[in-house]
Amino acid sequence: MVGRAQGLYALASQEEIGLLMVMNFAFIEGKYNGSSISVLGRNTVFSKAREMPVIGGSGLFRFARGYVQASTHKFDLKTGDAIVQYNVYVLHY
Ligand SMILES: *[C@@H]1O[C@H](CO)[C@@H](O)[C@H](O)[C@H]1NC(C)=O
């Protein structure tokens, strides 16, 4: 494990399952230990690929800008647990 995804989501759509995602990727390993990336955006969880903006970061990710592409790898209807792959494209100083 290199870090943790921390945040919350809210239901924010009338006609499909669309979430408002507010999430930090907090790193705990290597040169990015203590740094984080912040993502805020709309997530239509049943779409194949979803894109959300990277709106900032801390530590080595100060002034970060970019986007993530998320795709669901596995979804357990019984527990509600999902394994989601995030590809993160980020520019920072
Ligand atoms: C990450 O940083 C914390 C706080 O400085 C430190 O306690 C921890 O040992 C560091 N972890 C690694 C893997 O270097």
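The model is predicted. Along the principal axes, the C-alpha trace spans about 40 × 25 × 20 Å.

**The fold.** Colour the chain by secondary structure. The protein contains six strands and zero helices, and the pattern along the sequence reads β-β-β-β-β-β. Among contacts with a separation of 6 or more, 32% join residues 24 or more positions apart.

**The surface.** Display the accessible surface next. Its area is about 6700 Å², and carbon and sulfur atoms hold 55% of that. Of the 93 residues, 24% count as buried.

**The ligand.** Select the ligand together with Ile28, Glu29 and Asn33, the residues that surround it. The protein covers 25% of the 360 Å² of accessible area that the ligand has on its own. Then centre the view on Asn33, where a polar side-chain atom lies 2.5 Å from an oxygen atom of the ligand.

**The aromatic pairs.** Turn to the rings of the protein. A search of the whole structure finds seven aromatic pairs. A pair of rings is described by the distance of the centres and the angle of the planes.

Select Phe46 and Phe75. Their rings form an edge-to-face pair, with 6.2 Å from centre to centre and 75 degrees between the planes. The pair links distant parts of the chain, 29 residues apart: Phe46 lies in the loop between strand E3 (36-44) and strand E4 (50-58), and Phe75 lies in strand E5 (residues 65-75). Is Phe46 buried or exposed? Phe46 counts as exposed because its relative accessibility is 63%, over the cut-off of 50%. Phe75, at 39% relative accessibility, counts as partly exposed.

The ring centres of Tyr67 and Tyr89 are 4.8 Å apart and the planes stand at 15 degrees, so the pair is stacked; the cut-off for stacking is under 30 degrees. This pair also links distant parts of the chain, with Tyr67 in strand E5 and Tyr89 in strand E6 (residues 82-91), 22 residues apart. Tyr67 has 31% relative accessibility and counts as partly exposed. Tyr89 counts as partly exposed as well, at 39%.

Finish by selecting Phe27, Tyr32 and Phe61. Ring pairs link Phe27, Tyr32 and Phe61 into a cluster.

Methods
Residues numbered from 1 in each chain as written. Predicted model: local features only at pLDDT ≥ 70, side-chain atom pairs only at ≥ 80, totals over all residues. Heavy atoms only, no water. Near = heavy atom within 4 Å. Polar contact = N/O pair within 3.5 Å; in protein donor to acceptor, adjacent residues only side chain to side chain. Areas by Shrake-Rupley, 256 points an atom, 1.4 Å probe, with all protein chains shown as cover. Phe/Tyr/Trp six-rings, centres within 6.5 Å; stacked < 30°, edge-to-face > 60°. Helix = DSSP H or I, 4+ residues; strand = E, 2+ residues; numbered from the N terminus. Buried < 20%, exposed > 50% of the residue type's maximum accessible area, 1.4 Å probe, protein only. Contact = heavy atoms within 4.5 Å.
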